[in-house]
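Let's take a friendly walk through this model, one stop at a time. Keep the 3D view open beside you as you read.

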Amino acid sequence: MNRMTRAVNTLLGRPVDRPPVCFWHHFGDIGPEATVREHVRFYRESGEDILKMMCDEFFFYPLPESPSAQDLLSLRPLGRKSAYISGQVERAARINEALSGEAFTLYNAFSPYATLKHAMGDAQSMALLRSDEKAALHVLDVIAEDTCLLIEGILTQTGTRGMMLPLQGAERGRFSPEEYARLIAPSDRRVVLRANELSDANLLHLCGWDGVPNQLDLWKDYPGRIVNWAVGVEGLSLAEGRSLFPGRVVMGGFDNREGALLHRGGKGQVRSFTRTLLNEAGAEGLIVGADCSLPRDIDPARIRWVIEALEEA
């Protein structure tokens, strides 16, 4: 069974020879040519089934420097012809083209809140949300509009099968459920719903980026065929998560952090953990991956150890 068929069959609930594998890491702002080359190299050398394309060169949404409330209220969407959107669409197309359509690919598009946080910084974005909800909600709407345009371009012009949609902001202690529903969920949902209108292969990444558990209930009704969360941070195994996200494909299992098992453990340890993960989570509706991005210096051969263990199980 080839990698594309394995990924498609898993999402459709059809039989597979083994669960597909999807890991990813940041490449940094290394320029268009190198970015395409490194994505292809990682896919080839790791042997993984699903390639999650990164958006490192476009990590920061362009906002005015030290903007006033009036500056923010005057913002308008960048539009589909902007370098921020067209550059990402072009790069995704080039990666798919370089792989001759053989890879099942996902492209990264952060939620509007996560995009705002990256652009302004955590403290400043929170200060804006606390001090001027009108301006904050306007900016989130503008970012959501551009994110929807990005999603449309990626899913209709590049050969990409689905979006990876990292959601942030639901950490315990950041927003109450009522605040999240008022401030963050509307723009979140706009983006997620647009992706799901265009693809049935989208991945909801419930990001545990800061090591603080999330209020996962806030996201359990968001649509998305695949759900990935930080099993260690959340204290929720893949098997347990099937109850919280019924009918979904669950993805993950490995700790992504520097020095963790996949990054520094021995071959026998990695293979043993993979077999245990498979036994506990069950092979059906499973994609083996990690909590989040792996360290940049990860040896792709370590991912092959995971694949070997799955093939021998």
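Helices are DSSP runs of H or I with at least four residues, strands are E runs of at least two, and both are numbered from the N terminus. On the H12 side, the residues that meet H13 include Arg271, Thr274 and Leu278; their partners in H13 include Trp305, Ala309 and Glu312. Contact means heavy atoms within 4.5 Å.

This is a predicted model, in which local features need pLDDT of at least 70 and side-chain atom pairs count only at pLDDT 80 or more, while totals for chains, interfaces and linings use all residues. Residues are numbered from 1 along each chain as its sequence is written, and side-chain values use heavy atoms, leaving out hydrogens and water.

Next, look at helix H6, where Leu128 lies. At 10% relative accessibility, Leu128 counts as buried (under 20% relative accessible area, with exposed over 50% and partly exposed in between, using a 1.4 Å probe and protein chains only). Not counting residues up to four places away in sequence, Leu128 touches Leu72, Met120, Glu133, Ala135 and Ala136. The C-alpha atoms of Leu128 and Ala69 are separated by 8.7 Å, although these residues are 59 residues apart along the chain.
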